[in-house]
Amino acid sequence: MKKRELKIKLGSEAIDQASEILQGRMREKNVQDRNLQRTRLAVETILLNLSEHYAEGKEVTLITRTILGRKSLCIRYDGEPYNPLHSDDTDEWTERFLADISMKPSWKYTNNTNEIYLRIPRNKLRDDVMLLIALLIAVILGFVGAYLPSDVVNNGITYVFSPISTIFMNILKSLAGLLIFLSIITGICGIGSLSEFSKVGKYLIGRYLFFTFAGAAFCILAMLPLHHIAFGAGQGSTQWNKIFDMVMKIIPDNPITPFIECNLLQIVFLAILIGIGILVLLRESAELHAVLIQTKNVVMYLVGLLCHLLPLYIIASLTILFWQNGMGVFKSIWKPLLFVVIFLHLMALFKVASVSIRCKISPILLLKKAAPSYLIGLSTASSMAALGTMLEANEKRFGIPKNFSDFGVPIGNTIGRHMVSGGFVIVMFFLAEYAGISINIGWLISLWLYVSIVSFANPPIAGGVLICLGVMLTQFGIPEQYLGLGAPLTLLSDFVMAGAYVLDEHMEMVLQSRHWGTLDEKMLRSKVE
């Protein structure tokens, strides 16, 4: 057991000095900044309470201990029994404060001595480290699966990994649909007036639509010189009625089905309709608005709890992919997968550079601020899984007003489809080359329009891209037998699409907030803790 003591005499100056010394000692022990600050605040709160009770000059001993790697702190003082955590004056405030930072200490009195004991929180593995560990485990399991009997592999998928993956995504879809619904409503109400909403909404939605079509066009132009495409009469049919049906079905038959089916276009339609209604009646509906905000916070908290299971989901979903398709899946699809990584990240980095130049801020700092959300999207293939982290980062790291982020991010999750449309273009070019089909200018134009529009129907969850892939193969004359090759490519591309989109979306929100003069640029330039 390692033990260090520090004796002080109560007083504001002595408390400050003791706090600085303790902070230095904890840094020496590699206590994470967050835990360090929580411990320091707890100690200062207790010492100030003691200082109010005793006259200045009362001697107090601070003892830090490390037992088997577990760090703790003891505050010791002699005299009559007195618990500063239960004083008449500060009882409620102190208890609430210490409970809020999860550092409720214990007090005891023996042999004319008072002791207050606090456990210094353990350092937690960073989220990005946990996700990388999960990815490594999935890769290892993928290699191991090649040497396991087929019965073991099939049973593992059926009874272990598939249930984990399915249950996680079903819960996430349910919560995320509700979170998007509530976020859009509260975001609309927070804008303040119907005229302001109309102005901001048109600009925001217009940019998302533009970038979706622009992303597909960019990838078509980039892919042409990189593939050996056979130009000819062109193959494929025109199934524009499917596009028309998709647009016409944006109005749901009832308000329940969209949440059951996680139909995001319909959920957004309902949310905007209800949000506008509340905005019109805001003076009479202020209490309803407050209730909706609290409800949204509860749902976001639940999503946050669910996201603690992300490493488990990553292991399950990737292991299924590797066991069903083999690790050799990378041999056939490395080239288009590399193009997906390069070109989608080029689009995202274009936005990073734009924010860096306009706001005069280091692009490295911007990438650090977006890293937690980016890694969640990249490792889960779901921008929905990163939704809560994105909303929090926008407010606390990027300086974007909460009401603007609550409105813009869910809308972007639904119609900001430039990464999906760009990824689909790359996949379709590869499959067209691999199948040896002939194309023409009409095929390219149809690909641009069809992929851009169909991408709006792609749900922002893992595996959502497969919903659209089968339809597109038929549309563009690619035989169905190539679905077995296109499916793993599309699934792997989905991870890149989600990660690149999350990074791009942070930058888009910064640019739009700056456009409307609501961006807190001081917070934007602040360092990452």
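Which residue in strand 5 is the bridge partner of K108? The points below give the answer and then turn to other parts of the structure.

1. Basis of the note. This is a predicted model, in which local features need pLDDT of at least 70 and side-chain atom pairs count only at pLDDT 80 or more, while totals for chains, interfaces and linings use all residues. Residues are numbered from 1 along each chain as its sequence is written, and side-chain values use heavy atoms, with hydrogens and water left out.

2. The strand pair. The bridge partner of K108 in strand 5 is E115. Strand 4 (residues 106-110) and strand 5 (residues 113-119) run antiparallel and are joined by five bridges. Two strands pair if DSSP finds at least two bridges between them. Helices (H or I, at least four residues) and strands (E, at least two) are DSSP runs, numbered from the N terminus.

3. The turn at N111. Strands 4 and 5 form a hairpin with two residues between them. N111, in the loop between these strands, has a positive phi of about 50 degrees although it is not a glycine. Most residues other than glycine have a negative phi. N111 is exposed, with a relative accessible area of 75%. Buried means under 20% relative accessible area, exposed over 50%, and partly exposed in between (1.4 Å probe, protein chains only).

4. The loop at K360. K360 lies between helix 12 and helix 13. The residue is not a glycine, yet its phi is positive, at about 55 degrees. K360 is exposed, with a relative accessible area of 72%.

5. Helix 13. This helix (residues 363-380) has 18 residues and reaches 25 Å from its first C-alpha to its last, close to the 26 Å expected at 1.5 Å a residue. The expected span is 1.5 Å times one less than the number of residues. A kink of about 55 degrees lies at A371, shortly before the proline P372; the bend is the angle between axes fitted to the seven residues ending there and the seven starting there. Among the buried residues of helix 13 are L365, L366, A370 and Y374.

6. The nonpolar patch. F218, W334, L338, V341, I342 and L346 make a nonpolar surface patch of about 530 Å². Patch residues have over 30% relative accessible area and no salt bridge, and nonpolar side chains (Val, Leu, Ile, Met, Phe, Trp, Tyr) are joined within 5 Å. A salt bridge is a side-chain nitrogen of Lys or Arg within 4 Å of a carboxyl oxygen of Asp or Glu. Helix 12 (residues 329-359) gives the largest share of the patch, five residues. L346, found in helix 12, is partly exposed, with a relative accessible area of 44%.

Definitions and conventions. Patches are made of residues with over 30% relative accessible area and no salt bridge: like charges are joined within 9 Å, nonpolar side chains (Val, Leu, Ile, Met, Phe, Trp, Tyr) within 5 Å. Accessible areas come from the Shrake-Rupley method with a 1.4 Å probe; for residues, only the protein chains shown count as cover.
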